[in-house]
Amino acid sequence: MEFILRSGDIDNRIGSFSEQAMQEGGRIHRMIQKRMGADYRAEVPLAFVFHGKDVDITVEGRADGIIENESGVTIDEIKSTYADVMKYKEAKPLHLAQAKFYAYIYGAQNGIEDIKVRITYCNIETEEIKYFNEECKLSELEIFVNEVCSAYEKWAKFSEEHRLTRNESINGLPFPFEYRDGQEELVKQVYYTICHSKKLFIEAPTGVGKTISTVYPSVCALGRDKAKKIFYLTAKTITRTVAADSLDILRKEGLKIKGILLTAKEKICMTEEKQCNPDKCPYARGHFDRVNDAVFDMLTSEDSYTREVILKYAEKHKVCPFEMGLDASVFCDFIIGDYNYAFDPRAKLKRFFSDGKEKEYIFLIDEAHNLVDRAREMYSAELKKEMFLEIKRLSKDDAPEISKRANTVNSHLLKLKRECESVTFDPDIGDFTKSLLRLYSAMEKVLQDKEKTAEKGREKHIKLSEEVKEQLLEYYFEIFDFLDIYERVDDNYTIYCSFYGDGEFYLRLFCVNPRVNLKECMESAVSSILFSATLLPIQYYKELLAGEADDYEVYARSVFNPDKRAVLIANDVTSKYTRRNDDEYKKIAHHIHETVSKRHGNYMVFFPSYSFMTKVYEAYEADFSFDLDKDVMLQSFNMKEQEREDFLNLFMEKRSESTLMGFCVLGGIFAEGIDLKNDALIGALIVGTGIPQVCLEQDIIKNFFDSRDENGYDYAYRFPGMNKVLQAAGRVIRTEDDIGIVTLLDERFLESGYRRLFPREWEGYRVADLKTLPGIVEKFWDEWL
């Protein structure tokens, strides 16, 4: 209904927040339905088949209520909102159209010529109700329904014809390469997992070909109608490009598939201001009048929808490229995007992941080790006390009701602040959230009413400047997000309040274990395949990423010769806080120099922090500044994109007469996701075990898992730290021809707690100190050069 009947502008100033409130109405629906008498039937499933010229379309829905009594039959459609429903003058056209569609289905199937529709609007906070009734003739409803279905017929025909073409192209589709050692078994395991509707956790070392090894069997499953779509989800832009490239490779083998790479709104917007309303953006003005033609043009002309392709058709039809891309994704087989499109409650695509959707998708989750921290952040929320003082200030003259309620919320936070010395766990926030909900409602009414007064020409106006309104709208969404997360709070959360370094007081809902929330999202999928080059230990990731006992796990075999990589552990240095002194920095600098002196080339050295990096650099310069054939480049804080590219481009040069060292931060932009092949990097030296800095939330994680009979230190510190180490070490060997050294500069790596986390390829590691290191390194290079 919405797809065919929408029209007009994109306008983020109105409607969007109201629609969010509409999603919260489950309780209101049930309340209204229970109040009705015996002649009221709730949640009635309805369906009929429209017989078009070329295709038959099954249309399904669920009527909120059907009333049958002596006065006839009424179809009830319930909508809940925080807006003042008593100011509504008429039903919204889309809501009325939805009810009429249900009325036609029910009337046609039961021979009812005269049938009524009722739109029931209910305010979530006050529970005030306003009805809009309309009497309909079945013959008129039939014309309306046929018009809508006829308009949709070309889309249904396109989708079905493409599905048949796609499936035919998949039948017999060959794997595009000669299988590497163990790769065919991995491909079969992925397909087997999809067929059995399970999750698969894959530790896939570099070189396994994990992208094509997961994409190919998923496409094969799609061709056998095991699923309707594939979502390739990742945190990194580069891996999204690799996934798109994999589709192109399969297209060369004959695959007919429609794939889209979703780009963030701020990166694809064609205007400088990035304001989604018709006054600021010409593409927002009349967008919905043109977007369907734009989408159909692109779908019937192209198969691969990259950022450049979407921009081309958006410009041609003068529509918003971001919204156009989302609409096009509905008709695509393969959707590539960030984790948040499937998992983030603030950003996930409700057109695919709304409640009640059947299991229709395959999730391919790349770089899955990143999902733990991303999920924690997605399902957490916080509010700062100062925000409510700002809301109070902004609204005190023109919207006193908002100002009054913001003051009440601030008073609750002030009480918590006075009781908090440094941190308070599990504060009583029941009254606070009730007041917050009342503030949310007041903001909803004012933000809605300002637009409505202008629209209806009423005498009463709420005089909010655009600047004030934009700021209030931003705060409104922050409050909405907090209330949404609050509804999710369970035993996997810790609620606490504390202070930032500048003294600012905040209240936080911290999702310690995202397992339950991720599981809920993954229930939309037939199967989820989670993979990474550093998914160790797998049981840790299975626990946090919604794995079940009967889900599968695979340690893919590395195709590289382990002898081409020397793994060295220094037993005479450490980055422990108790040993951080000039002597230790000097000894680490000497380890670095002895390692890089045996062969010219490019090296990266990873440090636990910028300050540690600076200390070692100063020690290195003091002792080795005379060594003119060795240059050191330092990663700087908050490097701009061009600076990053310039930094990496230095490593593209093969060096036989000089040495370049990049001093970088472990866990930073150069420690993961960069691909330096063929002598672009011949060594990675890693200082420290990578453990996160001790802080409040890491200690919360530790205590949480300690209380559940797990090793909290492992969960909060050791495992995340070791993942950073493995990622940095993985920068060295990228192809079968690469040869290189990984040096672990911390004696703690020799402890059993760390050695048990080593990948299989590290079994032949060597232990060295400053005396033995030069000989070991020289011997390694002599064997291969």
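Author: Contact here means heavy atoms within 4.5 Å of each other, and the model to which the term is applied is a predicted one.

Reader: With that cut-off in mind, which residues of α10 do K154, W155 and F158 in α5 meet?
Author: Helix α5 spans residues 138–170 and helix α10 spans residues 287–301, and their axes come within 12 Å. On the α5 side the meeting residues are K154, W155 and F158. Their counterparts in α10 are N292, D293, V295, F296, L299 and T300.

Reader: In the open sheet of 7 strands, which strands stand at the edges?
Author: The order of this sheet is β20-β21-β19-β22-β23-β18-β24, with parallel pairing, and the twist from one strand to the next averages 20°. An edge strand has a single partner strand, so one side of it is left without a neighbour in the sheet. The strands in that position are β20 (630–634) and β24 (766–768).

Reader: What is the bridge partner of M604 in β21?
Author: Strand β19 (residues 601–607) and strand β21 (residues 659–665) run parallel and are joined by 7 bridges. The partner of M604 across this pairing is G662.

Reader: At about what angle does helix α26 run to β22?
Author: Helix α26, made of residues 712–729, lies across β19, β22 (683–687) and β23 (740–745). Its direction relative to β22 is given by an angle of about 160°.

Reader: In the open sheet of 8 strands, which residue in β16 does I365 stand opposite?
Author: The 8 strands follow the order β9-β8-β10-β7-β11-β16-β6-β17 and pair in parallel. Within that order, 5 bridges join β11 (residues 361–365) to β16 (residues 525–532). Opposite I365 stands L530.

Reader: Does S218 count as buried or exposed?
Author: S218 belongs to helix α7, which lies across β6, β7, β10, β11 and β16. Leaving aside neighbours within four places in sequence, S218 is in contact with V190, I194, I230, I362 and L364. Because its relative accessibility is 0%, S218 counts as buried.

Reader: Which residues does a cis peptide bond join?
Author: Most peptide bonds are trans. Here, omega is about -5° for a cis bond, and one of its residues, P537, lies in the loop between β16 and α21 (538–544). The residues joined by this bond are L536 and P537.

Reader: What is the phi of D679, a residue other than glycine?
Author: Most residues other than glycine have a negative phi. D679 lies in the loop between β21 and β22, and with 21% relative accessibility it counts as partly exposed. Its phi is positive, near 70°.

Terms used. Residues are numbered from 1 along each chain as its sequence is written. This is a predicted model: local features need pLDDT of at least 70, side-chain atom pairs count only at pLDDT 80 or more; totals for chains, interfaces and linings use all residues. Side-chain values use heavy atoms; hydrogens and water are left out. Axes are lines fitted to C-alpha atoms, for helices over the stretch in contact, and angles run from 0 to 180 degrees between N-to-C directions. Helices (H or I, at least four residues) and strands (E, at least two) are DSSP runs, numbered from the N terminus. Two strands pair if DSSP finds at least two bridges between them. Buried means under 20% relative accessible area, exposed over 50%, partly exposed in between (1.4 Å probe, protein chains only).
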